[in-house]
Amino acid sequence: MSSVLRRPELASRGCRPEDGVPDMIVISNIDENGINDNLRTRYKQDLIYTFTGSILVAVNPYKNIPIYEQDNVLEYSGKKLAGVEPHIFAISEAAFQRLNHNNNVDDG
């Protein structure tokens, strides 16, 4: 999966939980309060998914959010995990790409 070292855009967006960082691995001095602050900030922006490295953290929005539409599927299709916002479709696409890669290696 993705390495945070290959995601320089995260460093430029700030490493404070109050900023709603999409990948919590870049937050310096992370603790329970920092994790909760980061998730709360993203939750208030209807960003219910957050990466911690290649792990996807999901927060139940308790409401309908239109993030599972066909347009969303296309937004993640063919993209690398490092280049997209956290979403279950990003994880699915990364797994699909890995399966295809492994099948091509096995066939060749």
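A residue counts as buried when its relative accessible area is under 20%, as exposed when that area is over 50%, and as partly exposed in between. The model described here is a predicted one, and its protein chain holds 4 helices and 2 strands, which follow one another from the N terminus in the order α-α-β-β-α-α.

**The chain as a whole**

- The protein chain exposes about 7100 Å² of surface, and carbon and sulfur atoms supply 52% of that area.
- Among contacts between residues at least 6 apart in sequence, 34% join residues that are at least 24 apart.

**Nonpolar cores**

- The largest nonpolar core is made of 8 residues, namely Phe51, Tyr76, Leu81, Val84, Phe89, Ala90, Ile91 and Ala94, and helix H4, which spans residues 88-107, gives the most to this core, with 4 residues.
- Apart from this core lies another one of 5 residues, among them Val21, Met24, Ile27 and Leu39.
- In soluble globular proteins, nonpolar side chains tend to be buried together.
- Ile91, a member of the largest core, touches Phe51, Ser54, Leu56 and Leu81 when residues up to four places away in sequence are not counted.

- Strand S1 (residues 49-52) and strand S2 (residues 55-58) run antiparallel and are joined by 4 bridges, one of the pairings being that of Thr52 with its bridge partner Ile55 in S2.
- The two strands form a hairpin with 2 residues between them, and Gly53 in the turn has a positive phi of about 70°.
- Thr50 belongs to strand S1, and because its relative accessible area is 1%, Thr50 is buried.
- Leaving out residues up to four places away in sequence, Thr50 touches a list of residues that includes Val21, Met24, Leu39, Arg42, Ile55, Val57 and Pro86.
- The side chains of Thr50 and Arg42 are also joined by a polar contact of 2.9 Å.

**Salt bridges**

- A search of the whole structure finds 4 salt bridges, and in general side chains of opposite charge can pair when their charged atoms come close.
- Arg40 forms a salt bridge with Asp37, with the closest N and O atoms 2.9 Å apart, and because these two residues are 3 residues apart in helix H2 (residues 32-44), about one helical turn separates them.
- Asp37 has a relative accessible area of 26% and is therefore partly exposed, while Arg40, with a relative accessible area of 42%, is partly exposed as well.
- Arg42 forms a salt bridge with Glu85, the closest N and O atoms being 3.5 Å apart; Arg42 lies in helix H2 and Glu85 in the loop between helix H3 (70-76) and H4, so this pair ties together parts that are 43 residues apart in sequence.
- Within this pair, Arg42 counts as buried at 1% relative accessibility, whereas Glu85 counts as partly exposed at 27%.
- Asp46 forms a salt bridge with Lys63, and their closest N and O atoms are 3.0 Å apart; since Asp46 lies in the loop between H2 and S1 and Lys63 in the loop between S2 and H3, the pair ties together parts that are 17 residues apart in sequence.
- Asp46 counts as partly exposed at 30% relative accessibility, and Lys63 is partly exposed with a relative accessible area of 48%.

Notes:
Residues numbered from 1 in each chain as written. Predicted model: local features only at pLDDT ≥ 70, side-chain atom pairs only at ≥ 80, totals over all residues. Heavy atoms only, no water. Core = buried A, V, L, I, M, F, W, Y, C linked by side-chain atoms within 4.5 Å. Buried < 20%, exposed > 50% of the residue type's maximum accessible area, 1.4 Å probe, protein only. Contact = heavy atoms within 4.5 Å. Areas by Shrake-Rupley, 256 points an atom, 1.4 Å probe, with all protein chains shown as cover. Pairing = 2+ DSSP bridges. Polar contact = N/O pair within 3.5 Å; in protein donor to acceptor, adjacent residues only side chain to side chain. Salt bridge = Lys/Arg side-chain N within 4 Å of Asp/Glu carboxyl O.
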